[in-house]
Amino acid sequence: MSESGIESVLTENRSFEAPAAFAKAARVKSLGEYEALYRRADEDPDGYWSEVASELHWHAPWSSLRSGVFPDCTWFDGGETNLAFNCLDAQIAKGLGDKTAILFEGEPGDQQSISFSELRAKVCQCANALLDLGVAKGDRVAIYMPMIPEAAIAMLACARIGAVHSVVFGGFSAGALADRILDAGIETVITADGGWRRGSVLELKKNVDDALVTAPVKRVLVVKRCANPVSWQEGRDHWWHDRVDAASSEHQAPALEAEHPLFILYTSGTTGKPKGIVHTTGGYMVGAYQSTKLVFDLKDDDIFWCTADVGWITGHSYVVYGALLNGTTTLVYEGAPNHPQPDRFWELIAKHKATILYTAPTAIRAFMRWGDEWPNKHDLSSLRLLGTVGEPINPSAWMWYREVIGGERCPIVDTWWQTETGSIMLSPLPGAIATKPGSCTRPLPGVSAKIVDKQGVECAANVGGFLVIDKPWPSMLRTINGDHDRFVQTYFGEIEGKYFAGDGARRDPDGYFWVMGRVDDVINVSGHRLSTMEVESALVSHPKVAEAAVVAKPDELKGQAIVAFVTPMKGEKGSSALSAELRQHVVTQIGALARPEEIHFADALPKTRSGKIMRRLLRDLASGNTTAGDVSTLEDASILTTLAAQYGDEE
Ligand code: PRX
């Protein structure tokens, strides 16, 4: 859908300027200003980044701004800083102590407004509690939480003491949590007795207990959120209200080296094993700070609502760190967008007077489907800027967002970036860059993005190629936890001397980027990144499955949907009961986000003579395309025919 939609807009080439008043008040006010800033950052990256970094607090100055070349770059060497200090103490020192830092609403409707001073006190208490429990600098801490203030407090407390956090999205299963605990060498888990989701309790502590059977840790800190019964292991499990609330609210933020690891966040690659993306303190801080400021054109009185969960990079960089680093009030909502009714988001915006909404295309498409009457019931006039992230946005969803939510007055920033990039790479600077529906427009100052062919040669305008970044940037990932070779190979092994993002894209004659989607086996379901191999591994771990191949098919709502082709074990037969069992098995292995939309059974899967599953054919099949291209390498073309016929019948 996205590709053909984008094509039609390319032809149409509609573009929207920000309203004059918006541009006049913007930090970067015109295309000319953007281009001058871009050129400046490109010609003198050291000067540019050193100016940006100087707006933050450093316990000790860096001696070298940037060292090394791809893939092994470091930033701000010799510098010492503390991210939590910059988010809290530095804001308080600027006079923002009484300003609201976190505006929270739980799904049941409970609310909290936490000022920067109060947040600092809570973070210090949590930091002291962690230290008391024996957590030290460099130790790894998993955070498996609902979207409640304690999630941000736990992240900030880890950052404050130099413990490396690894936030695991609450929708991941116990099995997925266990894998991450083992890979990251986690000794401490911070969780909650549960979280609210569509009126039910998400059993987080129970999942932790299940995960710890195979992946034991030393300690578990548990927030009481839902007051539901949980099992308890004395000596290992500790209540947050006993430990944190009793701790001192004073804590001196230590100076941490700029390259001290800040967090590990797992994301899917092309193999069955998720990658632990490692980000470090100084560079990540500078990237999150600058991108939030420029892309969202922050003002002192903004109420910034990024709807992502902290379990994803967007939640890290824009719910928590980027917002707080800029002294901005961040709105945090715990629950589902349609609970109790499909207007929960619009009610929240009207109630809390949110000025910026940053969400995913999938959510926008769902809102469209639910109908205009829901947003129309509410006063959305506080909004001044809209953003999207996570997947290509189809132009009709973009136009709906602009008209129905933005009242045609709010610019839309379509932001392209990745877990690996740490912060936004491509996006309009609202006020300066006219937007086109479906395009993430231009690179941020300091970001050198290109579209190249396999040989690394830049493509001509409107010719599709690979999206690469060809110069280092501060918030780039530094490695994959425990597998530096995989890091080098994955990101720098494809196109000589350049970071290859995994996305296909093109650039139009105005220099605008149009990201089409992944060119590898990574799929994007509702903005959630998954690997086909990961789902295949989950399927083949079921005793009744001999072989499985997973592909994505375009889906109007989710962007992509998962389609699995499964060969049952000898003696087993494909049936709707087995299909249901396998779908549940994937949920248990990974989480509900990976549940296949369709499962098709086949006696064999189409393979090349060398034994490789021909995914391209399966993709075509799943998408309802007639198979194009060369099938002569098929070992047994009749398998495909059988499969196609069967697929057609089931449709
Ligand atoms: O394919 C691109 C898509 O999401 C991938 C990154 O996923 P993840 O690391 O989970 O981070 C998502 C949030 C930053 C990219 O490789 N993607 C992200 N933003 C966009 C996008 N595709 C098109 N347009 C975007 N704005």
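**Surface, fold and ligand shell of a predicted model**

Modeller: The protein chain has an accessible surface of about 23600 Å², and 50% of it belongs to carbon and sulfur atoms. Such areas are computed by the Shrake-Rupley method with a 1.4 Å probe, and for residues only the protein chains shown count as cover. This is a predicted model, in which local features need pLDDT of at least 70, side-chain atom pairs count only at pLDDT 80 or more, and totals for chains, interfaces and linings use all residues. Residues are numbered from 1 along each chain as its sequence is written, and side-chain values use heavy atoms, without hydrogens and water.

Colleague: What makes the radius of gyration of the protein chain agree with a compact globule?

Modeller: The rule, taken over C-alpha atoms, is 2.2 Å times the number of residues to the power 0.38. For 651 residues a compact globule would come near 26 Å, and the protein chain has 24 Å, so the two agree. The C-alpha trace spans about 70 × 65 × 55 Å along its principal axes.

Colleague: Why is helix α17 called mostly covered?

Modeller: A residue is buried when its relative accessible area is under 20%, exposed over 50%, and partly exposed in between (1.4 Å probe, protein chains only). In α17, residues 395–405, nine of the 11 residues are buried, among them Trp398, Trp400 and Arg402. Over the 651 residues of the protein chain, 60% count as buried. Glycine 407, with a positive phi near 55 degrees, follows α17.

Colleague: Which residues come nearest to the ligand?

Modeller: Asp414, Thr415, Thr419, Asp503 and Arg529 do, out of 17 residues around the ligand. To be near, a residue needs a heavy atom within 4 Å.

Colleague: Which elements give two or more residues to the shell around the ligand?

Modeller: They are α13 (313–325), β20 (412–415) and β25 (513–518). Helices (H or I, at least four residues) and strands (E, at least two) are DSSP runs, numbered from the N terminus; the protein chain has 22 helices and 30 strands.
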